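Me: I have a model open and want to learn how to read it. Can you take me through the features one at a time?

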Amino acid sequence: MITSLSQDPAVLVKIGEFIGLRRRADLLPLLLVNKLVNAVLTPVLYTDIDLLECASALKCIRTLAAPPSLRAFRRDLPALVQAFVLRVPAEDLPWSPDSHAFGAPLLTCLLRMVNLRHFTCLLPLPFAPSMLALLVSGSRPLLQTIELVIPKAREPRPAMRIRLDPDDPAKLPDLRTFKLDVWQPLEPTLARTVHNLLRSRANTLKSLALTSSLAEEGVDIVNQLLPSNATFTSLEELHIEASALSHPSLRQTASIKTLSIPGSPTDDEDLQDHAFIHDSFPAIESLACPNSILPAFFPEDVQRRRPIHTLRLNGASYGMRSFDYTGDESDWFELQEFLPLLRHSAVPVRHLSFAVMDLPIEDLPDIVPHLMTLETLVVAFTDDIEDAEEYLVQLGRVLIAHLPHLHTFLLSDAPVKAQNEDRGFRHAQNIPLQRKALAEYSKHSSNLQRVAFTSDFLWEKRGSDWSLIPATSIA
C-alpha cells in the first residue's frame, strides 16, 4: 500500500481533500502517520486557510510565521498557502486590534506566501499598509483577490519598506476582486500604485469595493483612488461610497448585478440630485443602500425599473456583527413609506433585510401586503423586544401566516449587542420560548425552514423537528 501511494499520491490527496472539506482539523492526526502521508497532506492542509475563531486563528498564524528551521521537515509553510481568509469578528478579540498579536506575525507570513492567489483580512490590523503595499507591488503575480481594512495608524506607517513601481501596467493580470476599507489617506506612492492598478485592471475586475467607513468627516479617500481616465466595463459587484457613484470610471454600469452603498439615512449630501441614478445600474439584482436614496432605484416608470430581487435597507443583514453596526435604523413610519416601493421592481423582491427599533405587532398588517413575495426576511432590532414571549408567538399568526413563500425568517440582536456591551436579547438563550414560537410558526407555514431569534444561533427544520445550528451557517 505504501509503495503504491508513493508511486501515485493523487489518491491520498483526494482522500485528504475529502476529509478537509468536512472538517480540516481531522487532517492533523493523519500528518503523524508517516513521512509520506505528512509530505502529501501538509499542502492539502495549508493550501486554503479560512480563520473564523480567535484562538485558533492566532495559533495558525503563529505556526505559519515560525521559521522553517524550527519545523520538523524544514518546510516553509506559508509558501504552500494559495488562499488566506481572516474574518475573526473584531469584537471577539481579547485585546485591541491595534496590538501586534495578529499584525506582526501575519505580515511575516505574507512576506513568504509566494504562491498566494486570494488574500482577505477583515480585521483592522497594524501593518495593513505594508500588507497592501506587498500585495499591489506585483510580487505575487497569481493574485486574484485582495480584500483589506486599512485602519488609522498610531505610529509612522511602514508601507514604504516594500518596493513599489506605481507605473508598472503589467502587474497582477489575474486580479478579479479588489476590496479596501481605508480609514485615512494612503501614503502618496501607495495611493498612486493602487490608482494605477485599478486603471490597468478596469476592463477585467469583477468585484470592486472602496469605502472609508471610519475616516474623518470631509476627507475624500475613495475618489482619489479611482482612475478618472478608465472605465470599469466588466464589474458585476460594486461596494462604493455614495459620493463616488457619479465618478467617471463608473459611467458604464450595465454589467453590475450587486450594488452596495454604505452610509446612514442622512449621509447623502453628495446625492442631492438623484437624477443620474435613474439611468444608471439598469441590471442590478441585489441592492443595499440608505433609506433616503431608495426611491431613486425604484422608479414608477416601467421602462426604468430594475430586476431587484434582494434589498438591504441601510445595509442591515443577519450576518452583521455588532462591530459593523453604525446606528442606522428605520423607524416604523419610514417602513410604511418605503416598503410600498418594492412593487416598482421589475421582478418580485424575494429577500429583504432592515434594521428597526420596534415592529409593533398591531401595525404589522399595514406592511404585510408589501411582503407577500418574500422568501427571506431579516429584521435586525436596535432595541430589546418587550414582552418577547407574547410577541414572538404572535408573529406566527400576524406575519408568518401571510407570507406563503417565506422559508427563512431571522431576527438579529447584533445592534442591541453593539449598544449594550455585547448583551443581546433577553430571550436569546430561552430555548423553551423559542421552541414554543417555532411550534406556532409551523401551524401557519409548511415552507418555513430556518428561523433565528438571536444572532447567536438559528433553528433549521429537519423533517418535523427543529434543530439548533451555528449562526455561521448563514453566509
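**Reading the model**

Reply: Start with a charged pair: the side chains of glutamate 460 and arginine 462 meet in a salt bridge, 3.1 Å from N to O. A salt bridge here is a side-chain nitrogen of Lys or Arg within 4 Å of a carboxyl oxygen of Asp or Glu. Salt bridges that share partners also join Asp384, Glu386 and Arg426 into one network.

Me: What should I know about the model itself?

Reply: This is a predicted model, in which local features need pLDDT of at least 70, side-chain atom pairs count only at pLDDT 80 or more, and totals for chains, interfaces and linings use all residues. Residues are numbered from 1 along each chain as its sequence is written, and side-chain values use heavy atoms, with hydrogens and water left out.

Me: Are glutamate 460 and arginine 462 buried or partly exposed?

Reply: Buried means under 20% relative accessible area, exposed means over 50%, and partly exposed is in between (1.4 Å probe, protein chains only). Glutamate 460 counts as buried because its relative accessibility is 18%. Arginine 462 has a relative accessible area of 48%, so it is partly exposed.

Me: How many salt bridges does the structure hold?

Reply: Side chains of opposite charge can pair when their charged atoms come close. The structure holds twelve salt bridges. One of them joins the side chains of glutamate 237 and lysine 179, at 3.4 Å from N to O. Glutamate 237 lies in strand 7 and lysine 179 in strand 5 (residues 177-182), so this pair ties together parts that are 58 residues apart in sequence. Glutamate 237 is partly exposed, at 30% relative accessibility, whereas lysine 179 is buried, at 19%.

Me: Which side chain does glutamate 236 meet in a salt bridge?

Reply: That of lysine 206, at 4.0 Å from N to O. Both residues sit in loops: glutamate 236 between helix 9 (222-225) and strand 7, lysine 206 between helix 8 (188-200) and strand 6 (207-211). The pair therefore ties together parts that are 30 residues apart in sequence. Glutamate 236 is partly exposed at 40% relative accessibility, and lysine 206 is partly exposed at 35%.

Me: How many helices and strands are there?

Reply: Helices (H or I, at least four residues) and strands (E, at least two) are DSSP runs, numbered from the N terminus. The protein comes to 15 helices and 16 strands.

Me: In which sense do strand 9 and strand 10 pair?

Reply: Two strands pair if DSSP finds at least two bridges between them. Strand 9 (residues 286-289) and strand 10 (residues 310-313) pair in the parallel sense, over four bridges. Serine 286 has threonine 310 of strand 10 as its bridge partner. Strand 10 also runs parallel to strand 11 (residues 351-356), joined by three bridges. There, leucine 311 has leucine 352 of strand 11 as its bridge partner.

Me: Which residues of helix 13 are buried, and what covers them?

Reply: Helix 13 spans residues 388-398, and its buried residues are Ala388, Tyr391, Leu392, Val393, Leu395, Gly396 and Val398. Their cover includes strand 12 (376-381), strand 13 (408-412) and helix 15 (431-444).

Me: How do I read a loop residue, such as leucine 374?

Reply: Leucine 374 is in the loop between strand 11 and strand 12. It counts as buried because its relative accessibility is 0%. Contact means heavy atoms within 4.5 Å. Beyond its neighbours within four places in sequence, leucine 374 is in contact with Val349, Arg350, His351, Leu352, His405 and Leu406. Leucine 374 and histidine 405 are 31 residues apart in sequence, yet 6.1 Å apart in space, C-alpha to C-alpha.

Me: Where is histidine 344, and what does it touch?

Reply: Histidine 344 is in the loop between helix 12 (332-338) and strand 11. At 6% relative accessibility, histidine 344 counts as buried. It touches Phe298, Pro299, Glu300 and Arg305, not counting residues up to four places away in sequence. A polar atom of the histidine 344 side chain lies 3.3 Å from the backbone oxygen of phenylalanine 298.

Me: How much of the whole protein is buried?

Reply: Buried residues make up 52% of the 475 residues.

Key. Polar contact = N/O pair within 3.5 Å; in protein donor to acceptor, adjacent residues only side chain to side chain.
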